[in-house]
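Please look over the sequence and the structure before reading the points below.

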Amino acid sequence: MDPINETHVSRPGLLVVDVAAADDDTALAFQQLLADRWATSLAQHTTRDAGEPGVRLRCYLDLRQPLDS
């Protein structure tokens, strides 16, 4: 994963979430659960590290947005 950009955590309530999962479906399903609750910048795909098991995904959340009911 790339280093976290200071802009993405410049204020309280902003988060960078790095996900490691066994497969694409699991990582994307977890990301969707987050997106259903908070303002989320969605990743369109996962990445794989050569020689490492599973997949990785990074998304950005804004907890300052009200929770969906």
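The model is predicted. The protein has 1 helix and 3 strands, and along the sequence these elements follow the pattern β-α-β-β.

**Overall composition**

- The protein has 69 residues, of which 23% count as buried.
- Among contacts in the protein with a separation of 6 or more, 59% are accounted for by residues 24 or more positions apart.

**The sheet**

- The 3 strands form an open sheet in the order S1-S3-S2, and their pairing is antiparallel.
- Strand S1 (14-21) and S2 are the edge strands, since each of them pairs on one side only.
- From one strand to the next, the twist averages 30 degrees.
- In general, the strands of a sheet pair through backbone hydrogen bonds, in either a parallel or an antiparallel manner.
- S1 and S3 run antiparallel and are joined by 8 bridges; Leu 14, for example, has Asp 62 in S3 as its bridge partner.
- S2 and S3 also pair in the antiparallel sense, over 3 bridges.

- Helix H1 comprises residues 24-35 and lies across S1, S2 and S3.
- The direction of H1 is at about 5 degrees to that of S3.

**The nonpolar core**

- In soluble globular proteins, nonpolar side chains tend to be buried together.
- The largest nonpolar core contains 10 residues in all, including Val 17, Val 19, Ala 27, Leu 34, Ala 43, Val 55 and Leu 57.
- S1, H1 and S3 are the elements that give two or more residues to this core.
- S3 gives the most, with 4 residues.
- S3 is also mostly covered, as 6 of its 8 residues are buried.
- Ala 27, one of the core residues, touches Val 19, Ala 21, Thr 46, Val 55 and Leu 57, when residues up to four places away in sequence are not counted.

**Thr 46, a residue in a loop**

- Thr 46 is located in the loop between strand S2 (39-41) and strand S3 (55-62).
- Is Thr 46 buried or exposed? Thr 46 counts as buried because its relative accessibility is 13%, which is under the 20% cut-off.
- The side chains of Thr 46 and Asp 24 are joined by a polar contact of 2.4 Å.
- Apart from residues up to four places away in sequence, Thr 46 touches Asp 24, Ala 27, Leu 28, Val 55, Arg 56 and Leu 57.

**Asp 62, a residue in a strand**

- Asp 62 belongs to strand S3.
- Asp 62 is classed as buried because its relative accessible area is 13%, again under the 20% cut-off.
- A polar contact of 2.9 Å connects the side chain of Asp 62 with that of Arg 64.
- When neighbours within four places in sequence are left aside, Asp 62 is in contact with Gly 13, Leu 14, Trp 38 and Ala 39.

Key: Residues numbered from 1 in each chain as written. Predicted model: local features only at pLDDT ≥ 70, side-chain atom pairs only at ≥ 80, totals over all residues. Heavy atoms only, no water. Buried < 20%, exposed > 50% of the residue type's maximum accessible area, 1.4 Å probe, protein only. Polar contact = N/O pair within 3.5 Å; in protein donor to acceptor, adjacent residues only side chain to side chain. Contact = heavy atoms within 4.5 Å. Pairing = 2+ DSSP bridges. Axes fitted to C-alpha atoms, helices over the stretch in contact; angles between N-to-C directions. Core = buried A, V, L, I, M, F, W, Y, C linked by side-chain atoms within 4.5 Å.
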